[in-house]
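Dear colleague,

Please find below the structure that I am handing over to you. My notes on what was found in it follow directly after it.

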Amino acid sequence: MLRILHVSDIHFGQEKRGERTHLDDVREQLVADVAALLGDSKALDIVLISGDVAYSGKRHEYDRAVAWLDQLISVGRCDENAVFTIPGNHDVDVDLISLSAK
């Protein structure tokens, strides 16, 4: 059986009412749920992330995302080469886009 974990809209660096928030409790619970569901004998074959890993495409958001993904890969015993991402609109740092592209 192929085991695929599909997540979307993780949004590291989310903002509410003009304030940056860290909603790590949901992400931490997902890691715990994956560990519980797989037990000691099963592993994830693929992790698919379909968009919006970041909130505003900034480097520090991706640094936090990588640390979380490392945890997820570890508890899921998934090969890091089996993690696939599809960028979303929040994954672009608009400050880096040239005026002509905007």
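**Salt bridges and helix packing**

Within helix α2, R59 and D63 are four residues apart, about one turn of the helix. Helices here are DSSP runs of H or I with at least four residues, strands are E runs of at least two, and both are numbered from the N terminus. Please note that this is a predicted model, in which local features need pLDDT of at least 70 and side-chain atom pairs count only at pLDDT 80 or more, while totals for chains, interfaces and linings use all residues. Residues are numbered from 1 along each chain as its sequence is written, and side-chain values use heavy atoms, with hydrogens and water left out.

R59 and D63 form a salt bridge, with their closest N and O atoms 3.1 Å apart. The term denotes a side-chain nitrogen of Lys or Arg within 4 Å of a carboxyl oxygen of Asp or Glu. R59 is exposed, at a relative accessible area of 67%, whereas D63 is partly exposed at 42%. For these classes, buried means under 20% relative accessible area, exposed over 50%, and partly exposed in between (1.4 Å probe, protein chains only).

D95 is in the segment after β5 and K58 in the loop between β4 and α2, so the pair connects parts 37 residues apart in sequence. D95 counts as exposed, at 57% relative accessibility.

Turning to the helices, α1 (residues 24-38) and α2 (residues 59-76) pack at an angle of about 15°, with their axes 8 Å apart. The two are therefore roughly parallel, a class for angles under 35 degrees. Axes are lines fitted to C-alpha atoms, for helices over the stretch in contact, and angles run from 0 to 180 degrees between N-to-C directions.

In α1, the residues that meet α2 include L30, V31 and V34, and those on the α2 side include W68, L72 and V75; contact means heavy atoms within 4.5 Å.

Yours sincerely

Technical notes:
Angles under 35 degrees count as roughly parallel, over 145 as roughly antiparallel, 65 to 115 as roughly perpendicular and the rest as oblique.
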